[in-house]
Every structure is written in C-alpha cells, then in structure tokens.
Amino acid sequence: MELSHRQDAFRHLNIMCKREIKKFLQVPDNFTIMLQQGGATMQYTAIVKNLIGLKPFKKAMHLKTGMWSNQCFAELKKYSEVITVADTITANDCTAMVPHDQWKIDPEASFFSYCSNETVNGFEIPWETFPWHLIPKDCPVCVDMSSNIGTNHIPWEKVGVIYAGAQKNLGTAGCTVIIVRNDLMGKAAADTPILCDWETFENSPDKCYNTPCVWAIYVTGLNVSYMNQQGGLEHYIQLAKQRSSMIWSFIDSSNGFYKTKITDSHYRSHVNICFRIQNGDKEIEAQFIKEAKNCGIVQITGHYFNPGIRISMYNSQPMGGVVYLISFMRQFMQQHTKHSSLKYAQARL
Ligand code: PMP
C-alpha cells in the first residue's frame, strides 16, 4: 500500500485503528496507545530502557514462566540488574506456578514484568488470582500479552504497560500494540535506542517517528473494527472460554491417552493447549500430526522447547474448528486404543 504516512488518508487509518483498539480493549483515557514495528520482542528492550530510571537502584523484577519470558529476561539482563521473582522453568519445567509466598520481591525494583500467556508452554496466568498485594505500589507492572490479548478483561487500574504483536488476536504481523500509562511516558534513559523511546515516538509529527507499518495498521484496524461489530471483547472472552473448555474437558475424559503436563489446572491456557499423546510416544504423536494434516488440521506440532502437540486458538478460530478437531481426536484415540488392546490381547495368546 503506497500511501504516504504524512497524508490524511493514512492519518485517518492510524487514528481509526487506535480508536477501535481502545474500544475493544476498553482502554481508559489515562493510557496512550502506540502502534509500532519491531514486535513484542522490541518492547523487551523498550520496557527496560523507558522504565529502569524510575528508581535510582536500576533494578528490574521479572517472572520466568516459559520460553517467552525467558527471552525477555535475557534482554532485560543486558541493560539492568534483574531480580528473578520466581522461575518455573527450573522449579518444575513450567508445569505449575511457584507458590506466591516463595516469590522474591525487591521493593527497590523500577518495574515488574511477566508474560500473561506462555504461547509455547500453554501456561496462562489469570488476572483474578495474580498476587497484586505483593507488588509495591510504585512498581509498574508490564505485561507481554502477545498471545492472549483480547481474550480477557485487563485490570487497567493495576497495570502500567501492556504490549503485544497484533498478529495473533487483533490483526496481522508487523503491527505491535503498546499501551502505556501516561505517567510512565517521558522517563526513557538518555541512551535509549530511538525506536524504543515511547515519548519520542508519540510526540513525533503524526505520532510516527519513522515510516509506520501502513498495511499492517490498516488490516489491524479493519479486523478490530469487525470484532467490535461482532460483540466486542465480551464476545471474544466467551468464545475463548468455550473453545478451551471443550478441548480441556475432552482431554480430561480421555483416560490419560491425551495428557497435559500442567499440574495446576488453574494455569492451563485458554489459547494454546499443549498436550502429549500416550505419555509422549513420539511415533504416535508423529502419526497424529500426519493424520491431522490429511484432515486439514495443520500447525499443531509442539515447539522444541515444549515438544508434543500444541493447539493454538486465536480470536479468529470458530467453534466449528474446535468441534472438528475434537471429533478427529476422538477417532484417533479410538483407533489407537483399539489397536493397542488388540496387540495386548494377541501378546497374551
Ligand atoms: N511473547 C509471546 C508470548 C509470544 O507468543 C511471541 C511470539 N509468538 C513473542 C513474545 C514475540 O513476539 P514478536 O514475534 O512479535 O516479536
């Protein structure tokens, strides 16, 4: 799309996209919405460079719960001292939350960061039971919501920064949504990379420091507008609940044929459902993926960091897709349990 970003046509698209996002996510007026490039990954650098100076000790607090928060940790660490509040990777292979009374809280930290839904590990941290009382009042909470934005109500009165690539639940790749509480703007360190400096970006002409992702902003605006017309956030929260509860209850009724390693069901993701088949039988899992592909069910291979099967269901996933998947999973299970009980009976003869 060859529109100049300094002309009205794009100005309107940009404003429209942010308005639709504000409406959809119910963002209050004391937050600034920015649409940038660089993905959620660039915001790892941005949060530390913009916020580390909030206190003189130059420390960050970070919660590690899976692959993405681990990557974020590595980036924060380049620029500041980072207190690991809890680390479920080493504690329990991302299968449960470290008990809140074991969290290491440092009141000297400038900010607290975490990932609300670990896309690769299928580990989601619900807002309702987050231990807000542990976080010092002057320590803004920064949340990577790349995979579960638009599937739950954000408690705006409790958070400082929310960021997410648009590509999963809101729009298309290339557009990153960054929502910052206004009092946190304008605090960037002097050596902040220019594209990570929120205040500079927001105060630039047309609220774009450099060429924005014109096409991705256009498509994201259209899609969020469509989601608002479909019933808005409430509608998509209900869909996410329905999709995930259908699959989780099917998995739970499969007598261990399908099994998740997440031991505390409270942290099971509504968006990325990760499980193993027959206790991680690689041959059967490969067959499952192959047969699923033949049925038109694709991209369900788990990540190397968390092998097995991963079913990702973002806001565009219709209920029909879930019903179809469950009927495939049921048939696959029936075939394989029949097959293995036959093998077992033959072995006994
Ligand atoms: N955080 C999470 C939770 C993610 O799922 C992803 C991408 N899958 C990222 C960060 C990285 O996002 P991006 O590719 O937009 O930089």
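How many residues of domain 1 are in contact with how many residues of domain 2? I looked this up first in the model, which is a predicted one. I found 26 residues of domain 1 touching 24 residues of domain 2.

Entry on the domain boundary. I noted that domain 1 covers 8–229 and domain 2 covers 232–348. Over C-alpha atoms, I have the two domain centres 30 Å apart. On the side of domain 1 that touches domain 2, I listed the elements giving two or more residues: α1, β6 (123–124) and α6. I sorted the residues of that side by class and got 10 nonpolar, 14 polar and 2 charged.

Entry on α1 and α6. I then turned to how these helices pack on each other. For α1 (residues 8–25) and α6 (residues 214–229) I have an angle of about 40° and axes 8 Å apart. The pair is therefore oblique. I recorded the crossing of α1 past α6 as left-handed. On the α1 side, the residues I found in the contact include F10, L13, M16, C17, I21 and F24. On the α6 side, V214, I217, Y218, V224 and M227 are among them. By class, I put this contact at 11 nonpolar, 5 polar and 2 charged residues.

Entry on the ligand. Which residues surround the ligand? I listed G39, A40, T41, W68, C115, T119, D144, S146, S147 and G165. Helix α2 (residues 39–51) gives the largest share of this shell, 3 residues. By class, I have the shell as 3 nonpolar, 6 polar and 1 charged.

Methods: Residues numbered from 1 in each chain as written. Predicted model: local features only at pLDDT ≥ 70, side-chain atom pairs only at ≥ 80, totals over all residues. Axes fitted to C-alpha atoms, helices over the stretch in contact; angles between N-to-C directions. Helix = DSSP H or I, 4+ residues; strand = E, 2+ residues; numbered from the N terminus. Parallel < 35°, antiparallel > 145°, perpendicular 65-115°, else oblique. Left-handed = near helix turned anticlockwise from the far one by under 90°. Contact = placed C-beta atoms within 7 Å. Nonpolar A, V, L, I, M, F, W, Y, C, P; charged D, E, K, R; others polar. Near = placed C-beta within 6 Å. Domains from an automatic or database assignment.
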